[in-house]
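Here are my notes on this entry. Please read them with the structure open.

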Amino acid sequence: MKLAILKSKQDLDFNTNLLIPKSALFPKFWKESGLNPIVSRKLTEIADKIIDSLNLDIEPKDIIITGSIASYNWHEMSDIDLHILYDFNEINQDFELVKKMLNETRINWNRTHDIKIAGKEVELYFQHFDEPHESNGIWSLETEKWLAQPIRVNPELDLKNTEKKAEALAENIESLYKLFKNNEFKKAYNYSKKIKQKISRMRRSGLNREGIYSPENLAFKMLRNSGYLQKLSSLKVKAYDKMMSIKF
């Protein structure tokens with residue numbers, strides 16, 4: 001469970017370098033004309049098979065690539081954020097039910113598949129078609145063009161504040177692990193939910209106030225790149241399973 005975020009200068013340099021924009025887009029994906037056709041065909045094929053497996057009577061509004069891989073913020077740990085856009089209300093008028101169903105499909109697909117293109121893992125998402133999406137670059141596989149052209153900026157990163165926020169949350173997650181080890185499963189489960197909500201609020205606040213280079217959003221990325229968010233989700237599930245189990 002012990003995952004260093006800022007325990008040494010090497011860790012600091014590694015995490016900081018992941019946050020600094022590159023001078024060009026990921027070269028194995030992006031050409032002057034747009035997305036590499038080989039990559040485009042493969043991602044379209046993957047999305048089409050997922051869409052077919054849903055057995056819905058409606059077509060998606062779009063299939064997009066977004067996140068760091070579609071911007072100058074890509075790094076060695078970047079995933080391929082593949083978003084399939086539906087009008088959730090066309091599937092069923094119960095919006096939350098549709099959202100939950102598609103989210104479960106997403107989680108199951110991401111858990112059971114390990115598809116990589118040029119070393120980058122494909123990560124599936126479902127998105128309501130008019131949901132606001134905060135990203136520096138969005139590419140449409142359907143129209144084969146940028147919906148949001150990536151722009152390289154030279155931000156003044158508030159790394160001191162970023163590191164402070166990431167460290168505090170990492171310590172919370174490590175204290176959660178101690179609760180789990182001490183068999184305090186109900187406390188661990190409830191605390192894990194509280195931490196996840198806190199991280200979500202923190203990131204949303206930073207994005208609304210200063211955008212993708214806010215200390216809050218960068219702290220979120222630092223936690224994700226260091227593996228803490230994955231550990232948090234894993235501990236939440238394990239704590240729930242232990243809490244609900246009975247031994248005779």
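1. Two strands pair if DSSP finds at least two bridges between them. Strands β3 (residues 62-66) and β4 (residues 80-86) are joined by five bridges. The two strands run antiparallel. One of the bridges can be checked by eye: T66 has D81 in β4 as its partner. Keep in mind that this is a predicted model.

2. Next, the sheet as a whole. Six strands make up an open sheet with mixed pairing. Their order is β5-β6-β4-β3-β7-β8. The edges are taken by β5 (116-117) and β8 (145-148). Each edge strand has a single partner, so one side of each lacks a neighbour in the sheet.

3. Which strands does helix α2 touch? Helix α2 (residues 37-54) packs on the sheet and touches β3, β4, β5 and β6 (120-128). The direction of α2 makes about 45 degrees with that of β4.

4. Now the helix pair. The axes of α5 (residues 159-181) and α8 (residues 228-244) come within 10 Å. They cross at roughly 25 degrees. Angles under 35 degrees count as roughly parallel, and α5 and α8 are therefore roughly parallel to each other. Their crossing is left-handed.

5. What meets what between these two helices? On the α5 side, the residues are A170, I173, E174, L176, Y177 and F180. On the α8 side, they are Y228, L232, L235, K238, A239 and K242. The residues of this contact divide into nine nonpolar, three charged and no polar.

Notes. Residues numbered from 1 in each chain as written. Predicted model: local features only at pLDDT ≥ 70, side-chain atom pairs only at ≥ 80, totals over all residues. Heavy atoms only, no water. Axes fitted to C-alpha atoms, helices over the stretch in contact; angles between N-to-C directions. Helix = DSSP H or I, 4+ residues; strand = E, 2+ residues; numbered from the N terminus. Parallel < 35°, antiparallel > 145°, perpendicular 65-115°, else oblique. Left-handed = near helix turned anticlockwise from the far one by under 90°. Contact = heavy atoms within 4.5 Å. Nonpolar A, V, L, I, M, F, W, Y, C, P; charged D, E, K, R; others polar.
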